Amino acid sequence: MTGPQRAVRVSIVEDETLLLGMLEQTFRNTPGVRVVHALPGVTEARLAITRGSTDVALLDINLADGNGIALGLQLERIDPDIRIVLLSSHDMMGVFTTVQDEVKHAWSYLSKRSAFARDVLVQAVIATSQGRVVLDPQLVQRSVPRAGTDVADLTAGQLQVLRLVAEGLSNQAVADRLNISPRSVESHLLAIYRRLEIEGGDANRRVAAVLRFLRETGRSWAP
Amino acid sequence: MGALRPAPRDALRAAAVVGVVNAALWSMLVVAVRVSWDPDDVNTVAQEAAIGVITLVGGVLLVAVCLVGELPSRRRSIRLIAVLALSVVFAALRTVVDQRVLPLAGDTHSELLVLGINTLAYLMVASPAILVSALVARRQAEQEAREAVEADEAELRRDVSEHLHGAVQNRLVLVGAGLDQLAAESDQEGRPERADALRAWAQMVDTVREQDVRVISHQVFPTGLDLGLAQALGLLLDRLPTSVATSFHLGEGVRELDQALPIADRLIVAAVIEEGLTNALKHGHATRISLDLSVADRALVATLDDDGVGLPTGGTTESGLLRQRARLEPRGGRIVLGNGPAGTRLRVELPIG
């Protein structure tokens, strides 16, 4: 989508003023990312975000005058190339499984808490612009495979790799994190695709595997 | 909001049965009173029977006029006038037939008297149906008032939940992040104990946000319900312990219907399913749960199956579901709790207007 030279253009829609300012600030000091719009709600977003103006839209799910999911679907209709990152103050990642059936390109999900960590936020936006699905790292780490699913049958090593892929890491980054070679990461992935019976091109399989992870894991509420 | 909704079918049916039975009994009474059991008068039995049939037909038609179609309050007076007019018409018909069978002294005075008596007779036949339709209309009005209150409550719940998920959670996120920041700075300043203390406070703020606020908000308004009933039910399943296998199936056309479903209706169905899930785990000890949300016969149907121990043979006191039943039944919905393919099956039906 975006060439390596051009900065990723981000539009932020967030109704909490302090938070909007903080997000804008984070990106301002980041090379490789440029904020084109910082908007407080759905009404402003629909007017300002025109086709071709934005690579990645960072949308709060709970907006004062609407919800981020509906807005994301509308933006996709206006600009089929746009990528969406949903932002939420509490765990709504489970909502994705029904949403992902309706979207053009799989959406990423980040909790506001994690968005405060600059590298997590920036990595999420850049990875999403490159076509990867990014799920909130803390939620991913707390996700446990559900009984009776294919993901529950993955080996511990495969699950570890799948978790990091779900966090949006590239194969190289996964390899660095786990102290293994990128080749090992690739063979793990191939095994995962076989186990989960996922077919297709590389990018599609990766996204499909992440969505399966999302669908087949849960985070039960702490007592 | 001005005109009443059409009465539910079973209420109309009840009113119709009352009206027709009354008309039939009345017709039989008319025949019984008039028939002379003298064997020489065999002819008249057939004629009396004919009068009985006319009475019955007239009565049933009057009942139909009372009940067919909607019962808008403004038009009730028109309907009553129609009943009165029809009564006179049938009474006149009866009077004419009576004259053939039982000629009275041919003066207008007694003919008018007979006409008047017959009219009253038909009005008596119609009156139970009129009464029942008035009762039905009253019941509808009460139900609409109740639903208006429920709709208000649903809006309030949604507003409270939005406030909690919006302003309150956002501020707690900022506080937690601020404390983390101070902790990082304390680390840099070489004050590790202070850093740890600050991180502990940040942790507590996170707990308040992720547990307390979230639990309260969910109690008031199920998470994700404003996005749709399907989303909220999916999130309910997600929350279950991961040792429980789950599956969720959405039937065709449910998504569109979901978006148009009033919040109060979503609340009821979600409440029943949540109750069902709690029971499946607590009493049924289920390890597999499957939920299906479909449309059937213009009704939304949610079916919850589990592989638990099933219902006790003596029946259950499903007290938790009783209240939900009371809210569903006036809307024409119902809850069916029984044995399913593997354990228990809970089925919720809600007609869609």
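In chain A, strand 3 (residues 56–60) and strand 6 pair in the parallel sense over five bridges. The structure described here is a predicted model. Within this pairing, A:Val56 has A:Arg83 of strand 6 as its bridge partner. Strand 6 of chain A also pairs with strand 7 (residues 108–111) of chain A, again in the parallel sense, here over four bridges.

At the level of domains, chain A is assigned domain 1 (8–134) and domain 2 (141–219). The contact between them takes 14 residues from domain 1 and 14 residues from domain 2 of chain A. The centres of the two domains, taken over C-alpha atoms, are separated by 24 Å.

Backbone geometry was considered for both chains. Most residues other than glycine have a negative phi. In chain A, Glu197 has a positive phi of about 55 degrees, although A:Glu197 is not a glycine. A:Glu197 lies in the loop between helix 10 (182–195) and helix 11 (202–216) of chain A. With a relative accessible area of 68%, over the 50% cut-off, A:Glu197 is classed as exposed. In chain B, His285 likewise is a residue other than glycine with a positive phi, in this case near 50 degrees. B:His285 is placed in the loop between helix 8 (263–282) and strand 2 (288–296) of chain B. The relative accessible area of B:His285 is 56%, and this residue is exposed.

A further feature of chain B concerns its surface. B:Val17, B:Val21, B:Leu25 and B:Met28 make a nonpolar surface patch of about 380 Å². Of these residues, B:Met28 lies in helix 1 (residues 9–34) of chain B. B:Met28 is exposed, its relative accessible area being 53%.

Conventions:
Residues numbered from 1 in each chain as written. Chains lettered and ligands numbered in written order. Predicted model: local features only at pLDDT ≥ 70, side-chain atom pairs only at ≥ 80, totals over all residues. Heavy atoms only, no water. Helix = DSSP H or I, 4+ residues; strand = E, 2+ residues; numbered from the N terminus. Buried < 20%, exposed > 50% of the residue type's maximum accessible area, 1.4 Å probe, protein only. Pairing = 2+ DSSP bridges. Patch = residues over 30% accessible without salt bridge, like charges linked within 9 Å, V, L, I, M, F, W, Y side chains within 5 Å. Areas by Shrake-Rupley, 256 points an atom, 1.4 Å probe, with all protein chains shown as cover. Salt bridge = Lys/Arg side-chain N within 4 Å of Asp/Glu carboxyl O. Domains from an automatic or database assignment. Contact = heavy atoms within 4.5 Å.
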